[in-house]
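Please look over the sequence and the structure below before reading on.

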Amino acid sequence: MKLAQKWLALAGLVAAPMMLVACGTSGGGGNTATGGSGGGSGTMEVDIGYTGPLSGGAAFYGEDVLNGIKLAVDQINKSGDITVDGKQVTFKVVSLDDQYLPPNAATNAKRLAQQYHTPIIFCPHSGGVLGIEQFNATQQPNFILAAYTSEPAILTKNDPLLVMIPPRYDAYFKPFAKTEMQKFGNRLGLIPTNTAYGQEWTAGFTKVWQQLGGTVLSNNAVDYNTTTDFSSVVSKALSEHPDVLFIGGPSQPTALVIKAARQQGFKGGFVVMDQAKFESMQGIVTMDQLNGAVGVMPTVNYPGPGIQNFVNLWHQTQGADKTPNSENALNYQTMWVFAEAIKLANSTDPKQIMAKMADAIKQVPAEDQPYGVTGITPQGHLTGPVIATYIDNGQYTKLDIPPIE
Amino acid sequence: MDEWGVAMTLLLQEILNGIVVGSIYSLVALGLTLVYGVMEIPNFAHGHLYMLGAYIAFFLLTSAHFSYWPALLGAVVVLVVVGLLVERLVFNPLRKAPQVNAMIASVGVMLFLEALAQAIWGPNYLQMPTPYGNVLHIGALSVTQQQLLVVVAAIVMMVLLNLFLKRTMIGAAIEAVAQHREGALLVGIPSGRIAMLTFAIASGLAALAAVLVTPINLLFPAMGTMVIMKAFVIIVLGGMGSIPGAILGGYILALAESIGGAYISTNYQDLIAFAVLVLILSIRPAGLFARRA
C-alpha cells in the first residue's frame, strides 16, 4: 500500500512540471489598446497578431518569424504610407507564446481577436493553423489567418480568410526525387523528423520516389528535438545501403544527421525537407559534407527583386553578423502585402482586406519583396518564383520548382 | 561484407552508440539520485543545471577563449557554486516545509533557468567547438574522438565518485544521511552541510556531462528538458537514491533505445525506454537496487 502511494506520488511528480510548463503560456504585448480604434486626430493604431513558439525547443523558429513581421511593421510605420479613412495607420505587433502546441495556438488566436481586435493573425505551424481554420472565418470577430507553413492540407479547408505564405512542399517532390535519383541511384533511406509535418512529407515524397521506379527502405523517423546522439539512427539507416538519404526537421539537428552520416562513411546524396535551411547549418557541417544535397535555396541567393535591399536592411537592424532566412524574408514580404491591402480596402475589416489582396500584391514596392510575390490563388496561397538548390562542388546550383496549382 | 558481417557490424555499432549515450545518461542520473537520496527532493531543475553548465563552457570557449579542458573545469566550478547557491537560497529555507514545496520550488528553478538562458544567449541552437572532432574507424565501426572521450571520462568520474563516497569521511557522511537522515543527525553529522555538498557535487556532475556531450549535440535553452525525463526514468529503474542503480540504469536505457531503435523502430525509441521501465518494475517493483525497506 505504502509503495503504491509512493509510485502514485512519483507519477504525479513527473507529470507536474510538464503540466506547469504547458500552462505557463506567457503573454507578450500585454497592452490593452484595441486595434482599429482611433488614436489622436489623423492617426489610428492597428494591432497585428502573432501566435507561435517563443519558448521551449522551437523558440528560435518562432522568433525568426516574428522578427520578420516586426521589421516589416517598423518599415511600414516609418514610411507613413498606409491610411484608412484619411487617418495614418500605425501597426503594432502583439505576440503570444503557444509553445508550438495547436490548442494553445487556437486559444491565443481567440484572445488576440477578442481582446486586441487584430484583423490579421500570423501562425507559423501547421497544427496551429489547422486548429484556427475551424473558426477564423466563421466566428466573430473574424480575422485573416496568415499561415507560415508549407503543409498543403491547410488549403483544403475552404477557409475564405486564409493566406498561405510559403511554397507548398509537395511542389518539391518530383524535382527533388528526379535530381537525386539521377545523380546517386534509386535506394532511398529515410531519417525524417517524426512530427505530423515530417510524416506527411515522407508519405508524399516516398510515393513519388516509388512512382519514378525507386526503392524505399525502412522509415527511421526520430524526434529531432530530443535525440541526444544521431549516430544510432544513422547506423541503422546506413546498414541498408541507401544511395540517397531523406532527412529533415529543424535545420541544426538536420545538420547533425548529415554530419553523422558523413562520419560513418556515407557517400550518397541527401533530400532535405523544406523545414531545414542550408544557411542555418553553417558551422555544424562543411560545404563539402553537404555536397550532393538537394533542398531549399538559401535566402541570400534567392533571385527576388528586393533581396539585396532586404539583406542590407537585415544587417543594419539585426546586426552585421546575422544572416536572414526565409522565415524572416517571407513574413516580411507578406506583412507588406497586408499593409497595402488595408490601404486599398480603406478598412481593417478582414473580408475587405482579403478582397484587395490580389491588387495589393502589385502595389508592394519591389525593394520590399525579397522573394518576389506574383499573385494569390483562390484558396489563398501566395505565389511567386520557387527555387531550390542542388549543392554541387560546394556551390548552390539553381533548381527551378514548377508550380503545381 | 556478407550478410552476417553486416548484421554484426550494425549490432556492434549500436552497442557502441548506446554506451556513448548511456555514459551521459548515467552522469546526469547520478547527480539526480544523489540529491534524491540525501534530500528526498526530486530535483526537476537538474536538467537545467546541466544546460547552464554547457552554456558556461560555451561562453568560456568562445568569448573568453579558453581551450576545451580549462573550459570544462571552469563550467564544473561555476556549477558547483551555482549548486551551493540554489541549495542555500531555494531548498534550505524549505527544509521544514512539506516535501511538495521543495518540489514546486525545483520546478520554479527550472523555469527560471530556462528563461534566464534564453534572455542571455537567445533561443538559437549553438554549436560548441571541440578539438576532438575526428572520426576513428575500428574495423567497420566508426566513432568520433569526442564520443570516446565521453565514455572514458564518464567511467573515470564514476570511479572517482565511488572512491570519494567509500573512502573519505565526507563521502561516508553523505551515504549515512542518504541511508538514514535522523540517525545521521543523532551521530552528529551536520545534515545541512551535507545537503549543500551533495547539491554541489550533483551540479558539478551535470555540468561535466553537459560539456562532454554538447559538442556531439547542440546547445539550446530547452536542452535540459530532454535529459531530465530520461534521468527520472533511470533513477526509478535503478532504485530511487541508488548510485549503482543510476549507473546501470543509464546504460540499460541507452542500450535499449539504440538496439531497440535498430531492430524494432526508431519511431518508438521513447516507447521502448518506458517498456523497459515497466518490465523491470514488474519484476523488481522498487527498482534494480532498492534501498532498505
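The buried residues of α5(A) are covered by elements that include α6 (196–211), β9 (244–248), β10 (269–272) and β11 (293–296) of chain A. Helices (H or I, at least four residues) and strands (E, at least two) are here DSSP runs, numbered from the N terminus. A residue counts as buried if 20 or more other C-beta atoms lie within 10 Å of its own, as exposed if 12 or fewer do, and as partly exposed in between, with C-beta atoms placed from the backbone. This is a predicted model, in which local features need pLDDT of at least 70 and side-chain atom pairs count only at pLDDT 80 or more, while totals for chains, interfaces and linings use all residues. Residues are numbered from 1 along each chain as its sequence is written, and chains are lettered from A and ligands numbered from 1 in the order in which they are written.

**Helix α5 of chain A**

- The buried residues of this helix are Phe173(A), Phe176(A), Ala177(A), Glu180(A) and Met181(A).
- Seen down the axis of α5(A), these buried residues fall within an arc of 115 degrees, so they line one face of the helix; the arc is that of the directions from the helix axis to the C-beta atoms.
- An α-helix has 3.6 residues a turn, so residues three or four places apart point the same way.
- Helix α5 (residues 173–184) of chain A has twelve residues and reaches 16 Å from its first C-alpha to its last, close to the 16 Å expected at 1.5 Å a residue, where the expected span is 1.5 Å times one less than the number of residues.
- Just after α5(A) comes Gly185(A), which takes a positive phi of about 130 degrees.

**Helix α11 of chain A**

- The end C-alpha atoms of helix α11 (residues 326–345) of chain A are 28 Å apart, which agrees with the 28 Å that its 20 residues should span at 1.5 Å a residue.
- Of the 20 residues of α11(A), 18 are buried, so this helix is largely enclosed by the rest of the structure.

**Chain A and its domains**

- Chain A contains 13 helices and 15 strands, and buried residues make up 55% of its 405 residues.
- Two residues are in contact if their C-beta atoms, placed from the backbone, lie within 7 Å; among contacts in chain A between residues at least 6 apart in sequence, 68% join residues at least 24 apart.
- Chain A is divided into domain 1 (43–167 + 305–383) and domain 2 (170–273), with bounds that come from an automatic or database domain assignment.
- The C-alpha centres of domain 1 of chain A and domain 2 of chain A lie 31 Å apart, and the contact takes seven residues from domain 1 of chain A and seven residues from domain 2 of chain A.

**Backbone details in the loops**

- A cis peptide bond, with omega about -10 degrees, joins Gln140(A) and Pro141(A), and Pro141(A) is found in the loop between α4 (126–132) and β5 (144–147) of chain A.
- Asn393(A), a residue other than glycine, has a positive phi near 55 degrees; Asn393(A) lies in the loop between β14 (387–392) and β15 (395–400) of chain A, and is exposed, with 9 other C-beta atoms within 10 Å.
- Glu40(B) also is not a glycine, yet has a positive phi of about 55 degrees; Glu40(B) sits in the loop between α1 (3–39) and α2 (46–62) of chain B, and is partly exposed, with 14 other C-beta atoms within 10 Å.

**Where the two chains meet**

- In chain A, 35 residues are in contact with 39 residues of chain B.
- On the side of chain A that touches chain B, α1 (2–23), α2 (59–79), α7 (231–238) and α8 (251–263) of chain A each supply at least two residues, and the largest share, seven residues, comes from α1(A).

**A buried residue in chain B**

- Leu197(B) has its place in helix α8 (residues 191–213) of chain B and is buried, with 22 other C-beta atoms within 10 Å.
- Leaving aside its neighbours within four places in sequence, Leu197(B) is in contact with Ile170(B) and Ile174(B).

**Confidence**

- The predictor gives the complex an ipTM of 0.87 and a pTM of 0.86.
- The mean pLDDT of chain B is 91, and 99% of its residues reach 70 or more, pLDDT being the predictor's confidence in each residue, from 0 to 100.
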